[in-house]
Amino acid sequence: MACPILSQEVHEDVVISPTPFEKANSPAMEYEMKLPHYSQKQYDFLEACVEKPSSICGGEIFQNVLDETNLVTDKCCRNILKIGKDCHLGLMKILFSSYEYKNIASIPRSKQTWNDCLRRVGSKIGVPVSFE
């Protein structure tokens with residue numbers, strides 16, 4: 001059976017409307033563009049922070065911040081305490097400032113996760129700093 005060949009030619013009198021992607025940004029893209037930008041020093045610091053937690057612990061900590069019934073193991077508590085309070089809070093702020101998670105009240109919960117880990121394993125590894 002022969003297939004018809006469709007012309008790829010566009011006549012001058014035919015107007016082709018732009019695709020939705022060419023015309024407007026998505027709400028997520030517009031939201032992300034409004035986020036505060038970081039200095040190079042802040043960016044470098046946070047980039048180094050990203051490399052510190054293990055992927056297993058990063059997921060476990062994130063799940064705990066989303067839902068406190070998901071407990072953080074002692075191993076991952078040691079991991080979060082070793083990366084430090086500033087790294088932990090900085091990563092949480094970036095994550096929860098994204099469009100996908102912007103409506104989740106997470107910073108108080110991430111501080112609670114830190115304090116819980118500090119209470120459970122902090123004295124074993126010598127981390128004395130808690131969030132208020």
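Tutor: Cys77 and Cys117 form a disulfide, with 2.1 Å between their sulfur atoms. A disulfide here is a pair of cysteine sulfur atoms within 2.5 Å. The model is predicted: local features need pLDDT of at least 70 and side-chain atom pairs count only at pLDDT 80 or more, while totals for chains, interfaces and linings use all residues. Residues are numbered from 1 along each chain as its sequence is written, and side-chain values use heavy atoms, with hydrogens and water left out.

Student: Which parts of the chain does the pair Cys77 and Cys117 link?

Tutor: Distant ones: Cys77 is in helix α5 and Cys117 in helix α7 (residues 107-125), 40 residues apart. Helices are DSSP runs (H or I, at least four residues), numbered from the N terminus.

Student: What is the handedness of the link of Cys77 and Cys117?

Tutor: The angle about the S-S bond is -65°, and the link is left-handed. Both Cys77 and Cys117 are buried, where buried means under 20% relative accessible area, exposed over 50%, and partly exposed in between (1.4 Å probe, protein chains only).

Student: How many disulfides does a search of the whole structure find?

Tutor: The search finds 3. Another of them joins Cys57 and Cys76, with sulfur atoms 2.2 Å apart. Its angle about the S-S bond is -80°, again left-handed. Cys57 lies in helix α4 (residues 55-66) and Cys76 in helix α5 (residues 74-83), so this pair ties together parts that are 19 residues apart in sequence. Cys57 counts as buried at 1% relative accessibility, and Cys76 counts as buried at 2%.

Student: Which cysteine does a disulfide join to Cys49?

Tutor: Cys87, at 2.0 Å from S to S. With -70° about the S-S bond, this link is left-handed. Cys49 sits in helix α3 (residues 40-50) and Cys87 in helix α6 (residues 85-95), so parts 38 residues apart in sequence are tied together. Cys49 and Cys87 are both buried.

Student: What is the pairing when the bonded cysteines are numbered in sequence order?

Tutor: The pairing is 1-5, 2-3, 4-6.

Student: At what angle do the axes of α3 and α6 cross?

Tutor: Two packed helices are described by the angle and the distance between their axes. The axes of α3 and α6 cross at roughly 100° and come within 9 Å. That makes α3 roughly perpendicular to α6, a label for angles of 65 to 115 degrees (under 35 is roughly parallel, over 145 roughly antiparallel, the rest oblique).

Student: Which residues in α3 meet residues in α6?

Tutor: Phe45, Leu46, Cys49 and Val50 in α3 meet Asp86, Cys87, Gly90, Leu91 and Ile94 in α6.

Student: Is Asn64 buried or exposed?

Tutor: Asn64, which is in helix α4, counts as buried at 5% relative accessibility. Its side chain makes a polar contact (a pair of N or O atoms within 3.5 Å) with the side chain of Arg109, at 3.0 Å. Leaving aside neighbours within four places in sequence, Asn64 is in contact (heavy atoms within 4.5 Å) with Asn70, Leu71, Val72, Arg109 and Thr113.

Student: Where is Gly122 placed?

Tutor: Gly122 is in helix α7 and counts as buried at 0% relative accessibility. The C-alpha atoms of Gly122 and Arg78 are separated by 7.5 Å, although the two residues are 44 residues apart along the chain.

Notes:
Helix = DSSP H or I, 4+ residues; strand = E, 2+ residues; numbered from the N terminus. Axes fitted to C-alpha atoms, helices over the stretch in contact; angles between N-to-C directions. Polar contact = N/O pair within 3.5 Å; in protein donor to acceptor, adjacent residues only side chain to side chain.
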